[in-house]
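Colleague: I would like to go through this structure with you. Could we begin with the terms and then turn to the sheets and the ligands?

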Amino acid sequence: MEKLLIEGGHPLEGMVTVSGAKNSAVALIPAAILADSPVTIDHLPEISDVEILADLLEDIGGKTKLEDDTLRVYPENMFPMPLPNGKVKMLRASYYMMGAMLGKFNKAVIGLPGGCNLGPRPIDQHIKGFEALGAKVTNEHGAMYLQAEELTGARIYLDVVSVGATINIMLAAVKAKGRTVIENAAKEPEIIDVATLLTSMGARIKGAGTNVIRIDGVDELSGCRHTLIPDRIEAGTYMIAAAAKGREIVIDNVIPDHVESLTAKLREMGTHIEVGLDQITIRTPEQFEPVDVKTLVYPGFPTDLQQPFTSLLTRAKGTGIITDTIYDARFKHLDELRRMGADIKLEGRSALVNGNQSLHGSAVRASDLRAGAALVVAGLMAEGVTEITGVDHIDRGYDSFEEKLRNLGANIWREHIDYMEEEEMQNS
Ligand SMILES: CC(=O)N[C@H]1[C@@H](OP(=O)(O)OP(=O)(O)OC[C@H]2O[C@@H](n3ccc(=O)[nH]c3=O)[C@H](O)[C@@H]2O)O[C@H](CO)[C@@H](O)[C@@H]1O
Ligand SMILES: C=C(OP(=O)(O)O)C(=O)O
């Protein structure tokens with residue numbers, strides 16, 4: 001086990017380059033299963049979710065070659081090997097193995113996914129989609145069994161706007177017979193990225209990025225080369241860190257439209273922001289105004305930035321309210337921020353953050369990926385040293401986090417936790 005240590009208070013300055021999007025990468029890697037020849041994906045982030053998915057492709061007989069930020073997938077000898085346990089529980093996006101394997105082999109046996117514990121995260125809409133396409137889906141002892149004689153296009157209305165269900169149904173439908181229409185589809189940029197890759201492979205998809213997606217099934221998909229879009233959540237995390245502590249920070253390789261909801265809120269708080277073509281420059285203001293934020297589906301304020309944004313609100317002159325309409329239990333970071341001196345009340349799905357509190361370094365634990373990002377942002381602002389455990393969560397989604405922050409002037413480093421310390425932590 002490892003922990004992150006941050007000595008707070010150092011101003012940040014310079015340029016940080018955003019890596020490829022985690023939530024695209026984790027869908028594009030399973031999508032490569034659908035091709036009959038090699039698929040090359042460029043600009044992948046170096047994160048554990050990517051490594052585990054590449055491993056899962058090997059587990060079903062594929063070959064993968066990861067060099068720098070490029071992954072080459074050789075799908076020629078894959079077979080529908082059951083994946084009931086183990087690695088599938090280490091991340092959320094293993095659910096895309098269901099759609100991709102069903103689309104390729106008409107068959108899949110896969111354990112239920114893991115990922116951040118944000119309260120219940122059902123996959124009923126994924127299953128509704130697979131069943132509409134003709135698959136029989138059963139859950140036996142925690143493993144999902146999916147099987148179809150043949151997949152046939154269907155009209156599927158999602159009862160909940162779901163990123164995962166939209167992509168999973170696309171993966172299962174691209175080789176189905178006839179037309180599939182997904183209504184009330186999610187519109188996140190990552191969905192467009194997946195549709196772009198599948199289209200390069202020969203799929204016929206229209207409407208990705210709108211709430212109605214039409215897919216006309218094709219018999220064969222072939223290999224291609226694709227470059228991932230930049231990670232808007234990583235970009236947003238650096239924007240928040242820059243607002244918190246940045247003399248002047250340039251965030252490079254960002255699609256400004258993808259972070260518009262955050263840019264608007266940071267400006268409302270008084271942050272100085274200049275938006276270029278693929279760069280955003282940010283400077284900390286003298287004083288932060290409190291703001292209210294509600295997370296919504298894209299293009300609304302992303303739930304994945306709710307937690308780091310909460311840390312920034314502790315610096316506002318007054319009370320800001322942050323409401324998560326997507327996950328009702330995405331608040332495990334609040335107790336940890338309170339340990340650092342934050343004054344936050346939780347009322348239902350809303351955190352009431354009383355600003356003007358100076359934070360102090362403490363020993364805290366990241367319960368999930370973005371809770372980890374929230375604690376890093378808080379650690380950068382706090383007086384003294386913050387020790388963050390639960391680093392494996394952070395490593396799921398941030399490429400070279402400490403290195404990138406160190407290049408901006410942060411004093412952040414990683415230490416190994418020895419056996420005795422681990423015991424002590426577990427008993428405390
Ligand atoms: C790997 C990945 O891309 N993860 C992202 C994806 O997660 P994920 O795909 O799991 O999130 P969804 O968009 O599916 O979930 C949105 C909401 O719908 C609910 N729901 C979802 C599916 C379903 O079958 N039934 C159902 O009720 C969920 O509980 C949640 O309240 O989108 C989330 C919302 O932007 C992000 O926080 C995650 O970072
Ligand atoms: C919730 C997240 O990830 P996952 O869905 O992979 O758990 C996230 O990226 O903030």
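Modeller: Let me start with a definition: two strands count as paired if DSSP finds at least two bridges between them. Please also keep in mind that this is a predicted model.

Colleague: Take β15, then. How many bridges join β15 to β16?

Modeller: β15 and β16, the latter covering residues 279-283, are joined by 4 bridges and run antiparallel. Within that pairing, Glu274 has Thr281 of β16 as its bridge partner.

Colleague: In what order do the strands of that sheet come?

Modeller: The order is β2-β14-β16-β15, an open sheet of 4 strands with mixed pairing. β2 (12-17) and β15 (272-275) each have a single partner strand and stand at the edges, so one side of each has no neighbour in the sheet. From one strand to the next, the twist averages 10°.

Colleague: Which strands does helix α7 lie across?

Modeller: Helix α7, residues 232-245, lies across β2, β14 (246-252) and β16. The helix runs at about 165° to β14.

Colleague: Let us move to the other sheet. What is the strand order with β17 in it?

Modeller: That open sheet has 4 strands in the order β17-β18-β20-β19, and its pairing is mixed. β17 (292-295) and β19 (343-347) are the edge strands, each pairing on one side only. Here the twist averages 15° from one strand to the next.

Colleague: And which helix packs on this sheet?

Modeller: Helix α9 (residues 306-313) does, touching β17, β18 and β20. The direction of α9 makes about 170° with that of β18.

Colleague: Do β18 and β20 run parallel or antiparallel?

Modeller: They run antiparallel: 5 bridges join β18 (residues 319-324) to β20 (residues 350-354).

Colleague: What about β19 and β20, how many bridges do they have?

Modeller: β19 and β20 are joined by 5 bridges and run antiparallel. Asp343 has Asn354 in β20 as its bridge partner. The two strands form a hairpin with 2 residues between them, and Gly348 in the turn has a positive phi of about 60°.

Colleague: Now the ligands. How many residues surround ligand 1?

Modeller: There are 20 residues around ligand 1, and the closest are Asn23, Gln125, Ser162, Val163 and Gly164. By class, this shell holds 10 nonpolar, 6 polar and 4 charged residues. Helices α1 (22-31), α4 (124-132) and α5 (163-173) each supply at least two residues of it.

Colleague: Why does ligand 1 lie between the domains?

Modeller: Domain 1 (2-19 + 230-427) and domain 2 (22-227) both give residues to the shell around ligand 1, so the ligand lies between them.

Colleague: Which residues surround ligand 2?

Modeller: The shell of ligand 2 consists of Leu91, Arg92, Ala93, Gly115, Cys116, Asp304, Leu369, Arg370 and Gly397. By class, it has 4 nonpolar, 2 polar and 3 charged residues. Domain 1 and domain 2 each contribute at least three residues to this shell.

Colleague: Finally, which residues does the UniProt domain annotation cover?

Modeller: An unreviewed UniProt entry carries the annotation "domain: Enolpyruvate transferase" for residues 7-405. In the model, the end C-alpha atoms of residues 7-405 lie 12 Å apart, and the span is 31% helix and 25% strand.

Note on methods:
Residues are numbered from 1 along each chain as its sequence is written. Chains are lettered from A and ligands numbered from 1 in the order in which they are written. This is a predicted model: local features need pLDDT of at least 70, side-chain atom pairs count only at pLDDT 80 or more; totals for chains, interfaces and linings use all residues. A residue is near a molecule or strand if its C-beta atom, placed from the backbone, lies within 6 Å of it. Ala, Val, Leu, Ile, Met, Phe, Trp, Tyr, Cys and Pro count as nonpolar, Asp, Glu, Lys and Arg as charged, and the others, Gly among them, as polar. Domain bounds come from an automatic or database domain assignment. Axes are lines fitted to C-alpha atoms, for helices over the stretch in contact, and angles run from 0 to 180 degrees between N-to-C directions. Two residues are in contact if their C-beta atoms, placed from the backbone, lie within 7 Å. UniProt positions are given in the numbering used here, feature names are shortened, and annotations may be inferred rather than shown by experiment.
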